[in-house]
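Let's take a walk through this one together, a piece at a time. Keep the picture open while you read.

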Amino acid sequence: MSEDGSEMAPVIECREVTKVYGGGRAGRKASVCALDNVSWQVGGGTIVGLVGPNGAGKTTLLSLIAGLLFPTQGSIRVCGHPARSLDARRSLGYVPESPAFLSCYSARAVLKHHAALHGLSREAISGETERVLSQLRLEEYADRAVGGFSQGMRQRLALAVALLDSPRLLLLDEPSNGLDPIGVIELRRILSEVRQSGATVIISSHRLGELERLTSDYIFLHRGRIVKFGRDDAVAQTGRLRIEFLPGSPRLREDVLAPYDLAEESETHLVVAVNGIEDVPGVVGSLVKAGALLTGVTLEMQDIEETFVRLCQERAS
Amino acid sequence: MKAYALISETFLRKTSLRLVHLGWFLAYPPMFLIPSLPETWQWGCLVFAWSGCLLPVVLSAGIFGDDIASGRIRLVATEPIHLSELYIYRFLGLSLQAAAHLLAVAALILLLHWLTGRGSLDRFVSWILASWLIFNTWAALSTSLSVVVSRDHNSMTLVLATIIVFFPLYMLLLFFEDSLATRTYHAIVRYGCPPVEVLVGLGKYRLATGIASIAHSIGLTLLYGAVGIVLLKNREFKYAAD
């Protein structure tokens, strides 16, 4: 992913997208700005995690890309085509947060129905249906009525629907909702396969730990704005350096560690906020020069969850 | 395959729709048992009212509204189909159901009439055609309404709107038949609303009048459908399931 998208034609291109809900006639309803001047683009063959607290605008952003909503301002292109156009929809698969199906249809009937909407021939419909049933390991449930499916099974079926006809872009809104641990592992496996096939996956999830296993590319949304985006080495750039030393070391904080944020301090240890592993030699060198008798140094880089919390706190303050 | 999938869905989307067809169909034979059935009783008129005017209201209940409320539309609307196609095939699904239903009803009535000789089959073919035409007009109106009205409330809205429109007309015709306002309102209802009054006369007058009635009915169906397609194309499908 790149901000200027110079390397390859972007799969998604959002330009100054704003989405305002409500306002209503005569201003009876208060308007809510769900997305505020969002611009970003993403190339092919990546998995991008969409991260943000409730109400950050994640679902709105996915819905706009899927063509389910219209932007109030700005434009969105999917694989070079305007969002909601037929060509754009031909390129994407979408899994909503709470997928719904006709309850009297079987899983196989649902898949055949959606495959038919892709304009496939009878043979291709059967072939695609069996392929995704097998890929999602849904064969056992293929002829059961969807009405009796659990939330997790519905999610898997929605993913199967989205994978029909091998889309170039997969949009997933909380896809692991209701999935059991094995289902989550399966989801990871499938998404890795999808990425290997060259497709792009945008995944919105509250399960940040799960995201971390899937991707190193993130978009952090907060109150409708992109707070940060990029690879994890750019996003989760802060870490905590824990330094242990013998008591009686000189006035470390004022003299040596002035350029750094001190998170904790005691007679025998310090915790310093650093921007990455490249800061460690400088900090440690300064301490040694100052005469500190170090007994241990541990670097803990922030994981995506901590980064998420930190960014939210920063924005809130 | 796309057309087949979308057309068959209108029948398969609820198991209750099969019961509706059966119930509507089975309502006809008991009519033949009414003890003092007038000689002038026209079976075609009954088909027009029961299957032509009431059946579309039930069959089209929630045809888009259910999908929008459940969130299913978010899966359908992201598939590579024109939303106009989606509307047209859903409407065709209703229309074809009506055609099959009316043919079955016609066969049943002809059989029972042949067996019992009760009532009249005067203008029967015209009545069946009129029933199908009026079904299509009501179905198009109800389907378009379903794009903007939540769940299956399109049917109830249509019934209420019909009462609201037709009751004042009835009262005006009763008490102020010759006033300009009554005549204007009557003309608006006659030509702007589903053409019940126009189609009731199908086959009764000259051929040209009949053709004009058919054309008027088809024109209104297309107009209602076009409005529905425009509404559907400009509709947002928000994330919240109802």
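Start with an open sheet in chain A: four strands, in the order E12-E13-E11-E14, with antiparallel pairing. Strand E12 (261-265) and strand E14 (294-301) of chain A are the edge strands, each pairing on one side only. Go from one strand to the next and you'll find a twist that averages 20°. In case the idea is new to you: strands of a sheet pair through backbone hydrogen bonds, either parallel or antiparallel.

Now look inside that sheet. Strand E11 (residues 239-245) and strand E13 (residues 269-274) of chain A run antiparallel and are joined by six bridges.

Most residues other than glycine have a negative phi, and most peptide bonds are trans. A:Asn37 has a positive phi, near 55°, and it is a residue other than glycine. You'll find A:Asn37 in strand E2 of chain A. A:Asn37 has 15 other C-beta atoms within 10 Å, so it is partly exposed. The other residue is A:Cys79, which isn't a glycine either but has a positive phi of about 50°. A:Cys79 lies in the loop between E4 and E5 of chain A.

Next, some helices. Is helix H1 (residues 58-66) of chain A mostly covered or mostly open? It is mostly covered: nine of its nine residues are buried. Among them are A:Lys58, A:Thr59, A:Leu61 and A:Ile65. After H1(A) comes A:Gly67, whose phi is positive, near 85°.

Then there's helix H3 (residues 107-117) of chain A, which has contacts in both chains. Two packed helices are described by the angle between their axes and the distance between the axes. Take helix H4 (residues 122-135) of chain A as the partner: the axes of H3(A) and H4(A) come within 9 Å and cross at roughly 130°. That angle is why H3(A) counts as oblique to H4(A). The crossing of these helices is right-handed. On the H3(A) side you'll see A:Arg108, A:Leu111, A:Lys112, A:Ala115 and A:Ala116, which meet A:Ile125, A:Glu128, A:Thr129, A:Val132 and A:Leu133 in H4(A). By class, the residues of this contact are six nonpolar, one polar and three charged.

With H1(B), the axis of H3(A) comes within 7 Å, and the axes cross at roughly 130°. So H3(A) is oblique to H1(B). This crossing is left-handed. A:His113, A:Ala116 and A:Leu117 of H3(A) make the contact with B:Lys2, B:Ala5 and B:Glu9 of H1(B). That gives three nonpolar, one polar and two charged residues.

Let's step back to how the chains meet overall. In this predicted model, 23 residues of chain B are in contact with 32 residues of chain A. Helix H1 (2-12) and helix H6 (73-76) of chain B each supply at least two residues of the chain B side. H1(B) gives the most to that side, with four residues. Sorted by class, the side of chain B that touches chain A has ten nonpolar, five polar and eight charged residues.

One last stop, in chain B: B:Arg18 lies in helix H2 (residues 16-26) of chain B. It counts as exposed because it has 11 C-beta neighbours inside 10 Å. The C-alpha atoms of B:Arg18 and B:Leu59 are separated by 9.7 Å, although these residues are 41 residues apart along the chain.

Conventions
Residues are numbered from 1 along each chain as its sequence is written. Chains are lettered from A and ligands numbered from 1 in the order in which they are written. This is a predicted model: local features need pLDDT of at least 70, side-chain atom pairs count only at pLDDT 80 or more; totals for chains, interfaces and linings use all residues. Two residues are in contact if their C-beta atoms, placed from the backbone, lie within 7 Å. Ala, Val, Leu, Ile, Met, Phe, Trp, Tyr, Cys and Pro count as nonpolar, Asp, Glu, Lys and Arg as charged, and the others, Gly among them, as polar. Axes are lines fitted to C-alpha atoms, for helices over the stretch in contact, and angles run from 0 to 180 degrees between N-to-C directions. Angles under 35 degrees count as roughly parallel, over 145 as roughly antiparallel, 65 to 115 as roughly perpendicular and the rest as oblique. A crossing is left-handed if the near helix is turned anticlockwise from the far one by less than a right angle, and right-handed if clockwise. A residue is buried if 20 or more other C-beta atoms lie within 10 Å of its own, exposed if 12 or fewer, and partly exposed in between; C-beta atoms are placed from the backbone. Two strands pair if DSSP finds at least two bridges between them.
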